[in-house]
Amino acid sequence: MSDAKHDELPEVLAKPWWQSRAVIGALVVVLAQIASVAGITLDTAALTDALVTLASIAGAGMAIWGRVRASVPLRLR
């Protein structure tokens, strides 16, 4: 026995498939496997440098965004 109320989420609670972290993660894995089969290799040193640079930029962006969105001013003691 199936109840129609439990079979489908209301439109308000449903989100597009491309906003799902699980779907994005699965797509990344599939793309990595396709690249591996195609013979594409990554230089680990270059990848490490790129990730460190990306992390630095992301950290600075988060700090700026957090300060802009803050509702309480800073005070030095």
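The model is predicted, so local features need pLDDT of at least 70 and side-chain atom pairs 80 or more, while totals for chains, interfaces and linings use all residues. Residues are numbered from 1 along the chain as its sequence is written, and side-chain values use heavy atoms, without hydrogens and water.

Visitor: Why is leucine 42 called exposed?
Guide: Exposed means over 50% relative accessible area. Leucine 42 has 64%, so leucine 42 is exposed. Its place is the loop between H2 and H3.

Visitor: What makes the nonpolar surface patch?
Guide: Leu42, Leu47, Leu51 and Leu54 make it, with about 410 Å². Patch residues have over 30% relative accessible area and no salt bridge, and nonpolar side chains are joined within 5 Å. A salt bridge is a Lys or Arg side-chain nitrogen within 4 Å of a carboxyl oxygen of Asp or Glu.

Visitor: How do you know what span is expected of helix H2?
Guide: Take 1.5 Å times one less than its number of residues. Helix H2 has 17 residues and reaches 24 Å, close to the 24 Å expected. A helix here is a DSSP run of H or I, at least four residues.

Methods: Helices (H or I, at least four residues) and strands (E, at least two) are DSSP runs, numbered from the N terminus. Patches are made of residues with over 30% relative accessible area and no salt bridge: like charges are joined within 9 Å, nonpolar side chains (Val, Leu, Ile, Met, Phe, Trp, Tyr) within 5 Å. Accessible areas come from the Shrake-Rupley method with a 1.4 Å probe; for residues, only the protein chains shown count as cover. Buried means under 20% relative accessible area, exposed over 50%, partly exposed in between (1.4 Å probe, protein chains only).
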